[in-house]
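Welcome! Please take a look at the sequence and the 3D structure below, and then let us walk through them together.

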Amino acid sequence: MKKLFAALLVAVFFVTGCDDSQYRKAARAVAGISSGLKSIQDANEVAFHAGEIDQDSARAISLAVADASFANDKIVQELKAIKKLDPQSKAQIIAHVTAIGESLKQLNDQGVLHIKNPDAKAKFNAAVGGVEAALGILKQLLEAN
Amino acid sequence: MDPNTVNLLLQLAAMAAKLAIEVKQQSGLTDEQLLDAAEKNGADVRAQVSAFLETLK
């Protein structure tokens, strides 16, 4: 289900921005990741205050959000320093994309394993799916020639 | 279809609609404005995480 959703978001992203340059698509992807991480943290705090997850899980999710946000910010700074995606800049960005992917894995594990309420879990999964979709777009750009 | 699946589908549809609106709004921004927005959102979420972690102590 989440893979279908991620594919749908990627399609929306590309259809609405099919004339954009690789650089602009990357800028939109990092903007999408940053707003998605905010949604994940919002869902985390709501779930914690509703008693859906314990303190340790809420902390772990928050730390993973912060890690992903730091890595995304590194990509933002890279993009600000360059004006075009070339092989050298792509190589520098890949490490940060990998770091975001690792944080997302932790977020998935925490959300799937610890959030019991179906509504809270659905919100959390939707937010993580949004970030995964944006990250998928970034990966495609980095792999493209 | 069981209620949990329906619930997840509704959440995903809402998220897709929200993203489509955001992408549409972003189309009016320059690349620099997009990156500035990403930077500001990132700083905001990290501040939010710090404040939340303080409440967990």
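In this predicted model, chain B has 57 residues, and 35% of them count as buried. The accessible surface of chain B is about 3400 Å², with carbon and sulfur atoms supplying 61% of that area. As for secondary structure, chain B has two helices and zero strands.

Let us pick out one residue of this chain. B:Gln48 sits in helix H2 of chain B, which covers residues 31–56. Is B:Gln48 buried or exposed? Its relative accessibility is 18%, so B:Gln48 counts as buried, the cut-off being under 20%. Which residues does B:Gln48 touch, apart from neighbours within four places in sequence? Its contacts are A:Lys38, A:Gln41, A:Asp42 and A:Glu45.

Those partners lead us over to chain A. Two packed helices can be described by the angle between their axes and by the distance between those axes. In chain A, helix H2 (residues 22–49) packs with helix H3 (residues 55–81) at an angle of about 165°, and their axes lie 10 Å apart. Angles over 145 degrees count as roughly antiparallel, and H2(A) and H3(A) are therefore roughly antiparallel to each other. Their crossing is left-handed.

Which residues meet where these helices pack? From H2(A) come, among them, A:Tyr23, A:Val30, A:Leu37, A:Gln41 and A:Phe48. On the side of H3(A), the residues include A:Gln55, A:Ile61, A:Val65, A:Asn72 and A:Lys80. Sorted by class, this contact of H2(A) with H3(A) has 15 nonpolar, seven polar and one charged residues. A:Gln41 is one of the H2(A) residues meeting H3(A), and A:Gln41 is also in contact with B:Gln48.

Note on methods:
Residues are numbered from 1 along each chain as its sequence is written. Chains are lettered from A and ligands numbered from 1 in the order in which they are written. This is a predicted model: local features need pLDDT of at least 70, side-chain atom pairs count only at pLDDT 80 or more; totals for chains, interfaces and linings use all residues. Side-chain values use heavy atoms; hydrogens and water are left out. Axes are lines fitted to C-alpha atoms, for helices over the stretch in contact, and angles run from 0 to 180 degrees between N-to-C directions. Helices (H or I, at least four residues) and strands (E, at least two) are DSSP runs, numbered from the N terminus. Angles under 35 degrees count as roughly parallel, over 145 as roughly antiparallel, 65 to 115 as roughly perpendicular and the rest as oblique. A crossing is left-handed if the near helix is turned anticlockwise from the far one by less than a right angle, and right-handed if clockwise. Contact means heavy atoms within 4.5 Å. Ala, Val, Leu, Ile, Met, Phe, Trp, Tyr, Cys and Pro count as nonpolar, Asp, Glu, Lys and Arg as charged, and the others, Gly among them, as polar. Buried means under 20% relative accessible area, exposed over 50%, partly exposed in between (1.4 Å probe, protein chains only). Accessible areas come from the Shrake-Rupley method with a 1.4 Å probe; for residues, only the protein chains shown count as cover.
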